[in-house]
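Subject: Structure handover

Hello,

I am passing a structure on to you. Please open it first, then read my notes below.

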Amino acid sequence: MALRPMLVMAGTTLVGVLGPVAPAVAQVLAQPDPATAYTMTTGRLWSAVAALLGLTGAAIGALALARPTGRIGTGRWGAIWALVAGLAGAVIGVLVVAAAKGGPGTGYGIVGGYVALVIGLIAMALGGLTLARHRRTG
């Protein structure tokens, strides 16, 4: 038997056997894997970035509020940096919450978005208090 007819018979056998199974296999392969507790999804990554921005702003705001002027990160510039970082963290947190399609545990980062929103608001409050104090004394 020649090689060409054998290849044709093998190909038609594979198509006949695997043909009906192919759509089911394609559908299973197209399904995204569910997010586990340890999977770093884009929503979780953005909420972590937002929370770190808010936390940085809160730390700068607390240092600016507690320390006298004249040091790095204190006074008016410390308050402004705290306001900017807190605002950025809060805005990114709101965007993550708005884009989330599921609740906690789905991998969309909704819990981190809410945490970033709260920490960002705290940072803006600390920066605002420091700026108000600086305007009163300066």
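Here is what was found, from the whole chain down to single residues.

First, the ground rules. This is a predicted model, in which local features need pLDDT of at least 70, side-chain atom pairs count only at pLDDT 80 or more, and totals for chains, interfaces and linings use all residues. Residues are numbered from 1 along each chain as its sequence is written, and side-chain values use heavy atoms, with hydrogens and water left out.

The whole chain

The protein chain has 5 helices and 0 strands. Its pattern along the sequence is α-α-α-α-α. Helices (H or I, at least four residues) and strands (E, at least two) are DSSP runs, numbered from the N terminus. Of the 138 residues, 27% count as buried. Buried means under 20% relative accessible area, exposed means over 50%, and partly exposed lies in between (1.4 Å probe, protein chains only). The accessible surface of the chain is about 9300 Å². Carbon and sulfur atoms hold 73% of that surface. Areas come from the Shrake-Rupley method with a 1.4 Å probe; for residues, only the protein chains shown count as cover. Among contacts with a separation of 6 or more, 68% join residues 24 or more positions apart. Contact means heavy atoms within 4.5 Å.

Helix α3 covers residues 42-66. It has 25 residues and spans 36 Å from its first C-alpha to its last, close to the 36 Å expected at 1.5 Å a residue. The expected span is 1.5 Å times one less than the number of residues. Helix α4 (75-99) also has 25 residues and reaches 36 Å, again close to the 36 Å expected. Buried residues of α3 include Gly43, Arg44, Ser47, Gly54 and Gly57. In α4, the buried residues include Gly75, Gly78, Ala79, Gly86 and Val97.

The core

Which residues make up the largest nonpolar core? They are Ala50, Ala51, Ile92, Val96 and Ala116. α3 and α4 are the elements that give two or more residues to this core. A nonpolar core is a set of buried Ala, Val, Leu, Ile, Met, Phe, Trp, Tyr and Cys residues joined through side-chain atoms within 4.5 Å.

Ile92 sits in α4. It counts as buried because its relative accessible area is 18%. Beyond neighbours within four places in sequence, Ile92 is in contact with Trp46, Ala50 and Leu53. Ile92 and Leu53 are 39 residues apart in sequence and 9.3 Å apart in space, C-alpha to C-alpha.

The surface

Met40, Leu45, Trp46 and Val49 form a nonpolar surface patch with about 410 Å² of accessible area together. Patches are made of residues with over 30% relative accessible area and no salt bridge; like charges are joined within 9 Å, and nonpolar side chains (Val, Leu, Ile, Met, Phe, Trp, Tyr) within 5 Å. A salt bridge is a side-chain nitrogen of Lys or Arg within 4 Å of a carboxyl oxygen of Asp or Glu. Leu45 lies in α3 and counts as partly exposed, at 43% relative accessibility.

Pro104 is in the loop between α4 and α5 (110-137). Its relative accessible area is 66%, so Pro104 is exposed. Arg133 lies in α5 and is partly exposed, at 38%.

Best wishes
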